[in-house]
Amino acid sequence: MTAQHPGTTSSTESSTASGTDSGPGTARRSLVLASASPARLGLLRQAGLAPEVIVSGVDEDAVSAPTPGELARVLAEAKAAAVAGLPAAAGALVIGCDSVLELDGQALGKPTDAEDATSRWKAMRGRSGVLRTGHCVIDTAAGRTVSATASTTVRFGEPNDAEVAAYVASGEPLHVAGAFTLDGRSAPFIDGIDGDPGNVIGLSLPLLRTLLAELDVSITDLWV
């Protein structure tokens, strides 16, 4: 999670694949990001990709799953599927992502208000949580879907009450899953992470590469 959602590894908790093989093409495939997150878009651009952004409009509150990891994956699948069905995404590779923070076995998305964000931070400080980011890639040309969840442990520092109040007053935590960012105003309050930093910001590029490979697409073929 960045100002919108750190480490060298990420763990894949669950994956699904369906459809038939699509042969490698010579022309660069079009890429669509089914997310309004500027952080995810920024990560993709920094990696040499140039996706079009189409926001899914999925009602996240209407989606449920037994565990936080599964919830993140199901939400990513729902977002990707919603966009993949649009005429504007025909023939494209559609990427859907969603992040939740798992703390005490609960999945925490965006805080409902400033009071909720303050309570979250008072509960998180001095502890560790696991950031779960679901990833789904749909090859609309071949009718194939792959998905998985990447996990990164986040070790929170101990900001005092005044620092928490100042952070909440900035408005930043109200717009991000888990009420924190790794690359924004709360970065000084994160002591460290165990896993892929991109996953905390919003998208795991190593996992994306793996999912694309399952669809017989090399990430380097998508470079611009």
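Reader: How much accessible surface does the protein chain have, and what share of it belongs to carbon and sulfur atoms?
Author: The model is predicted. The accessible surface of its protein chain is about 9,700 Å². The share belonging to carbon and sulfur atoms is 50%.

Reader: How many helices and strands does the protein chain have, and in which pattern?
Author: The secondary structure consists of six helices and eight strands. In sequence order, these give β-β-α-β-α-β-β-α-β-β-α-β-α-α.

Reader: How many aromatic pairs are there, and which geometry do tryptophan 121 and tyrosine 167 have?
Author: The structure contains five aromatic pairs. In one of them, tryptophan 121 and tyrosine 167 lie 5.9 Å apart, centre to centre, with 85° between the planes. Planes over 60 degrees apart meet the criterion, so the geometry is edge-to-face.

Reader: How many residues apart are tryptophan 121 and tyrosine 167?
Author: Tryptophan 121 is in helix 3 (residues 114–124), and tyrosine 167 is in helix 4 (residues 161–169). Both residues are buried. The pair links distant parts of the chain, with a separation of 46 residues.

Reader: Where is phenylalanine 189, which pairs with tyrosine 167?
Author: This pair is edge-to-face, at 6.2 Å centre to centre and 80° between the planes. Tyrosine 167 and phenylalanine 189 are both buried. Tyrosine 167 is in helix 4, and 22 residues away phenylalanine 189 is in the loop between helix 4 and strand 8 (190–194).

Reader: Which residues form the aromatic cluster?
Author: Tyrosine 167 pairs with tryptophan 121 and with phenylalanine 189. The one cluster they belong to consists of Trp121, Phe156, Tyr167, Phe180 and Phe189.

How values were computed. Residues are numbered from 1 along each chain as its sequence is written. This is a predicted model: local features need pLDDT of at least 70, side-chain atom pairs count only at pLDDT 80 or more; totals for chains, interfaces and linings use all residues. Side-chain values use heavy atoms; hydrogens and water are left out. Rings of Phe, Tyr and Trp (its six-membered ring) pair if their centres lie within 6.5 Å; planes under 30 degrees apart count as stacked, over 60 as edge-to-face and the rest as tilted. Helices (H or I, at least four residues) and strands (E, at least two) are DSSP runs, numbered from the N terminus. Buried means under 20% relative accessible area, exposed over 50%, partly exposed in between (1.4 Å probe, protein chains only). Accessible areas come from the Shrake-Rupley method with a 1.4 Å probe; for residues, only the protein chains shown count as cover.
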